[in-house]
Amino acid sequence: MTQSVPPQPQQPTDGNPYAQQPFAQQPGAMPPAPVAPARGGNVVLGVVTAVVVALVTAGIYGAIVGATEYEIGYAAIGVGFLVGFAAGKVGGSNPALPVISALLSLGAVYVGQLIGVGLLGADIAGISATEMFTEHFAVITEAWKESADAMTFLFFAIGAFAAFSGAKKAAA
C-alpha cells in the first residue's frame, strides 16, 4: 500500500519557505520603483538661495512701503517666510538654516524699510531714487531712525519668526 506523494516544490537554500523567486525569474513582473534619495540638502546652496531671495524680497517690500507710505506687517511676514522657505527647500534640514534665515530676514526687512524711506524721500525732494541712495544715504538712515517705532521692531521680529518657521516647514 504505497501512495504516491505529489512532488514538493524545492525550497530556497536560505530555509525561508515563503521567499519569492528572484526578480529575474518571475514571469511578467515589473521592476520595483527606484528609492528616493535621502534628502541631505546643500547648506551652502541653501544660504546662497536665501541671500538672493532676501535681496529680491527686500526690494519688493521697499517698493510696497514707498508706494503706500506705510509699513505693512503682512509684507514683513512674506519676506521672512520666503527667505526661510527657500533656504529650507534648497538647503535641507540643517539646523543652522532656520537661524541664518532669521538673520537674513532681519536684514531684508531693514533694507526694505530703507528702500521705502529712500523712495519717499526721493519723491519729496524731487530727485531720482538712484541719486537719493548714492548721494544722500545718510539722510535716508537718519529719516529711518526718526521714524522707527515699536511697530518697526515688531515687524523685524515677525519677519525673523516667519523665516525661522518657514525654513523648518520647508525642510520637513
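**Helix 3 and its neighbours**

I began with helix 3, where Leu97, Pro98, Val99, Ser101, Ala102, Ser105, Leu106, Val109, Tyr110 and Gln113 meet Thr152, Phe155, Phe156, Gly159, Ala160, Ala163, Phe164, Ala167 and Lys168 of helix 6. Contact here means heavy atoms within 4.5 Å, and helices are DSSP runs (H or I, at least four residues) numbered from the N terminus. By class, I noted 13 nonpolar, five polar and one charged residue in this contact. For the classes, Ala, Val, Leu, Ile, Met, Phe, Trp, Tyr, Cys and Pro count as nonpolar, Asp, Glu, Lys and Arg as charged, and the others, Gly among them, as polar.

A reminder to myself: the model is predicted, local features need pLDDT of at least 70, side-chain atom pairs count only at pLDDT 80 or more, and totals for chains, interfaces and linings use all residues. Residues are numbered from 1 along each chain as its sequence is written, and side-chain values use heavy atoms, with hydrogens and water left out.

Next I looked up the geometry: helix 3 and helix 6 (residues 150–171) pack at about 145°, with axes 8 Å apart. Axes are lines fitted to C-alpha atoms over the stretch in contact, and angles run from 0 to 180 degrees between N-to-C directions.

Then I turned to helix 1 (residues 43–68), which packs against helix 3 at about 25° with the axes 7 Å apart. That makes helix 1 roughly parallel to helix 3 (angles under 35 degrees count as such, and 65 to 115 as roughly perpendicular).

How do helix 3 (residues 96–125) and helix 5 (residues 137–147) cross? Their axes come within 9 Å and cross at roughly 110°, which makes helix 3 roughly perpendicular to helix 5. Helix 3 brings Tyr110, Gln113, Leu114, Val117 and Gly118, and helix 5 brings Phe137, Ile140, Thr141, Ala143 and Trp144.

**The largest pocket**

Which residues line the largest pocket? I listed Val65, Glu69, Tyr70, Glu71, Gln113, Val117, Leu120, Gly121, Met132, Val139, Ala143 and Ser147. A pocket is an open set of points on a 1 Å grid where a 1.4 Å probe fits, with protein on both sides within 12 Å along at least five of seven lines, and lining residues have an atom within 4 Å of a point. Helix 3 gives the largest share of the lining, four residues.

Definitions and conventions:
Helix = DSSP H or I, 4+ residues; strand = E, 2+ residues; numbered from the N terminus. Parallel < 35°, antiparallel > 145°, perpendicular 65-115°, else oblique.
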